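Here's a quick tour of side-chain packing and pairing in one protein model. Have the viewer open and follow along.

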Amino acid sequence: MLIGDLVRKNRVCFHQEFSNWEEAVKASYQPLLEDGTIEPCYIDQVIASIKELGPYIVLAPDIAMPHTTMGAKGVRCSAISFMKVCRPVHFTEGNPENDARLFFSLAAQNPEEHLLNMQQLAEELMTEGLTEDLLSCESEEDILKLEEKYGR
């Protein structure tokens, strides 16, 4: 299970809430910043893309997949990090369909790797019940228990 791999790579974080979506996006990339996968300029590109294009990163209610459409400056290798937030992050005030609590933050060196990461993640998230179970996770141990539940 991809999400279990993220735990083993220390690319998972949990937070209560954020005052705005920009802070949430920054925090979602913190594990990749800390392990040297990305540079701060990449996070700036992601935020600039969202400001320009709107909340395209919200794929479904409660699920955001931050990434940039501007290229891969500041990405040393392709990776994904996971963040769970207890209180929804609002990307568009008054539109709960653009709220997110699960963040899968992508960094890719080229478009092919980017599409492959998105495809693998989308396939995993289509597993019935997984999103609901992730929303109830409060720790890395909870995520690892999902590997047992879903047999991966």
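## Salt bridges and packing

At 31% relative accessibility, Glu39 counts as partly exposed, where buried means under 20% relative accessible area, exposed over 50% and partly exposed in between (1.4 Å probe, protein chains only). A word on the ground rules: this is a predicted model, with local features needing pLDDT of at least 70 and side-chain atom pairs counting only at pLDDT 80 or more, while totals for chains, interfaces and linings use all residues. Residues are numbered from 1 along each chain as its sequence is written, and side-chain values use heavy atoms, leaving out hydrogens and water.

Glu39 has a partner: its side chain meets that of Arg76 in a salt bridge (3.3 Å, N to O). Glu39 sits in the loop between α3 and α4 and Arg76 in the loop between β3 (62-64) and β4, so the pair ties together parts that are 37 residues apart in sequence. Helices (H or I, at least four residues) and strands (E, at least two) are DSSP runs, numbered from the N terminus.

The count of salt bridges is seven, taking a side-chain nitrogen of Lys or Arg within 4 Å of a carboxyl oxygen of Asp or Glu. Here are some of them:

| Pair | N to O distance |
|---|---|
| Glu39 and Arg76 | 3.3 Å |
| Lys26 and Glu23 | 3.7 Å |
| Asp133 and Lys149 | 2.7 Å |

Lys26 and Glu23 both belong to helix α2, three residues apart, or about one turn. Asp133 is buried at 15% relative accessibility, whereas Lys149 is exposed at 55%. Elsewhere, Asp5, Arg8 and Glu147 are linked in a salt-bridge network.

Back to α2 (residues 21-28), where Trp21, Ala24, Val25, Ala27 and Ser28 are buried. Seen down the axis, these buried residues fall within an arc of 165°, so they line one face of the helix; the arc is that of the directions from the helix axis to the C-beta atoms. Their cover includes β1 (12-15), α3 (30-34), α4 (40-53), β4 (79-90) and β5 (99-107), with contact meaning heavy atoms within 4.5 Å.

As for aromatics, there are four pairs, where rings of Phe, Tyr and Trp (its six-membered ring) pair if their centres lie within 6.5 Å, and planes under 30 degrees apart count as stacked, over 60 as edge-to-face and the rest as tilted. Phe82 and Phe104 make a tilted pair, 5.0 Å centre to centre with 45° between the planes. Phe82 is buried, at 0% relative accessible area, and Phe104 is buried at 0% too.
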